[in-house]
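Please look over the sequence and the model below before reading on.

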Amino acid sequence: MWVTADGHIRQELLRDGRYDEARGNRRSAYTGRYTVTGSHLEYVDDTGFTATGDIRDGVLLHEHLVLYKESQA
């Protein structure tokens with residue numbers, strides 16, 4: 001689980017290549033699939049929207065978001 005510092009956005013990267021992103025009280029606000037190459041992530045939302053992310057120094061930089069491992073937030 002990755003979360004923003006304020007806990008508002010929570011992104012779970014599931015082992016089966018799916019992700020589930022919650023925003024505030026809205027569970028499963030965004031869902032889709034992801035792939036990882038090295039430290040780079042490619043996301044494809046179930047609606048077809050695409051995004052990218054990179055893990056650097058234990059932080060997930062996902063488009064304009066900065067997310068931390070839940071235990072570090």
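**From core to pocket to loop**

The largest nonpolar core is made up of 10 residues in all, namely Trp 2, Ile 9, Tyr 19, Tyr 34, Leu 41, Tyr 43, Ala 51, Leu 60, Leu 65 and Leu 67, where a nonpolar core is a set of buried Ala, Val, Leu, Ile, Met, Phe, Trp, Tyr and Cys residues joined through side-chain atoms within 4.5 Å. Strand 5 (40-45) and strand 8 (65-69) each supply at least two residues of this core, strands being DSSP runs of E with at least two residues, numbered from the N terminus. In soluble globular proteins, nonpolar side chains tend to be buried together.

This is a predicted model, in which local features need pLDDT of at least 70 and side-chain atom pairs count only at pLDDT 80 or more, while totals for chains, interfaces and linings use all residues. Residues are numbered from 1 along each chain as its sequence is written, and side-chain values use heavy atoms, with hydrogens and water left out.

One member of the core, Leu 67, is in contact (heavy atoms within 4.5 Å) with Trp 2, Val 3, Thr 4, Ile 9, Gln 11, Val 59, Leu 60 and His 62, if neighbours within four places in sequence are left aside.

Glu 21, placed in strand 3 (residues 18-23), counts as buried at 3% relative accessibility, since buried means under 20% relative accessible area with a 1.4 Å probe and protein chains only. Not counting residues up to four places away in sequence, Glu 21 touches Ile 9, Arg 10, Gln 11, Ser 28, Ala 29, Tyr 30 and His 62.

Thr 4 is found in the loop between strand 1 (2-3) and strand 2 (9-13), and Thr 4 is buried, with a relative accessible area of 8%. Its side chain makes a polar contact with the side chain of Asp 6 (2.6 Å), a polar contact being a pair of N or O atoms within 3.5 Å, of which, within protein, one must be able to donate a hydrogen and the other to accept it, and residues adjacent in sequence count only if both atoms are side-chain atoms. The backbone nitrogen of His 8 lies 3.3 Å from a polar atom of the side chain of Thr 4.

Definitions and conventions:
Helices (H or I, at least four residues) and strands (E, at least two) are DSSP runs, numbered from the N terminus. Buried means under 20% relative accessible area, exposed over 50%, partly exposed in between (1.4 Å probe, protein chains only).
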